[in-house]
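Look at the model below and follow one residue before turning to the whole chain.

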Amino acid sequence: AAAAAGDEHGKGDVTFTLQFRDARHSEWNVKKGLEETQCTLPELAYNTRYVIRVKAVNNAAGCSQFSSEVSLHTWPLPPEPPELLPEHSTGHGNRYQLQWTSPDGCTVSSYTVEYRAAHRGEDWTVVEGVTTSHWQVTAGGLAYDTGYVARVRAVNVSGESDYSDSLHFTTGSPPIKFSLDPNTAHVNLRLTDSSATYDRGGAKARVCGEDAFIGASFSVLGDKS
């Protein structure tokens, strides 16, 4: 809205003429006969600087000089949808990292990322705190061995973009946990969440990783005691 200053005295006899133009051009657009000290300029171009001036008109006394020129800059274009990048989006266990491209040719203030389980018609979960300085976000606390669908849209002062195409992904399996029977396990065998270690006289040897145990019983480095 553009505002024009006017004298309250004799208000009924005064109208206003407002002129505005693209700052890159010299031709003025004119709105005459304005009875209020504000008006809306329709159909301005996005992300463009305009120059505005106004004068008061009195049918009896003539018109005033134009006011000093003021300039305004219109808001940027609403953003285009981002594009999720399946080749750069990866997961481990119940966490999944999404990555997407920033829309070209427009300003983005933030992103809204949403995901939900693919096989259930549940509401979307919104991932908070997604800014333009980080074009990736990690969705954690997902269910294991579950298919999900995710989407993202860009936001700026002019509004929100459409959602990106959806990305479908599946989380990993839960980690394997082992326990040792104290009555039958080897006395020098130590088991953690990630490995098994055999301690013989202070010399430790890593036996295998967390996914390598298959049978319920085994020998350790050839020592069956």
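Arginine 151 lies in strand E14, which covers residues 147-156; strands here are DSSP runs of at least two residues, numbered from the N terminus. The model is a predicted one, in which local features need pLDDT of at least 70 and side-chain atom pairs count only at pLDDT 80 or more, while totals for chains, interfaces and linings use all residues. Residues are numbered from 1 along each chain as its sequence is written, and side-chain values use heavy atoms, leaving out hydrogens and water.

Is arginine 151 buried or exposed? Arginine 151 has a relative accessible area of 18% and is therefore buried; buried means under 20% relative accessible area, calculated with a 1.4 Å probe and protein chains only. Leaving aside neighbours within four places in sequence, arginine 151 is in contact with residues including Leu84, Trp124 and Tyr163, where contact means heavy atoms within 4.5 Å. Glu114 is also one of the contacts of arginine 151. The side chains of arginine 151 and glutamate 114 make a polar contact at 2.9 Å (a pair of N or O atoms within 3.5 Å, one able to donate a hydrogen and the other to accept it).

Now consider the whole protein. It has zero helices and 19 strands. Of its 225 residues, 32% count as buried. Among contacts between residues at least 6 apart in sequence, 55% join residues at least 24 apart.

Confidence is given by pLDDT, the predictor's score for each residue from 0 to 100. The protein averages 79, and 72% of the residues score at least 70. Over residues 203-225 the pLDDT is below 50. Residues 3-10 also stay under 50.

Conventions. Helices (H or I, at least four residues) and strands (E, at least two) are DSSP runs, numbered from the N terminus. Buried means under 20% relative accessible area, exposed over 50%, partly exposed in between (1.4 Å probe, protein chains only).
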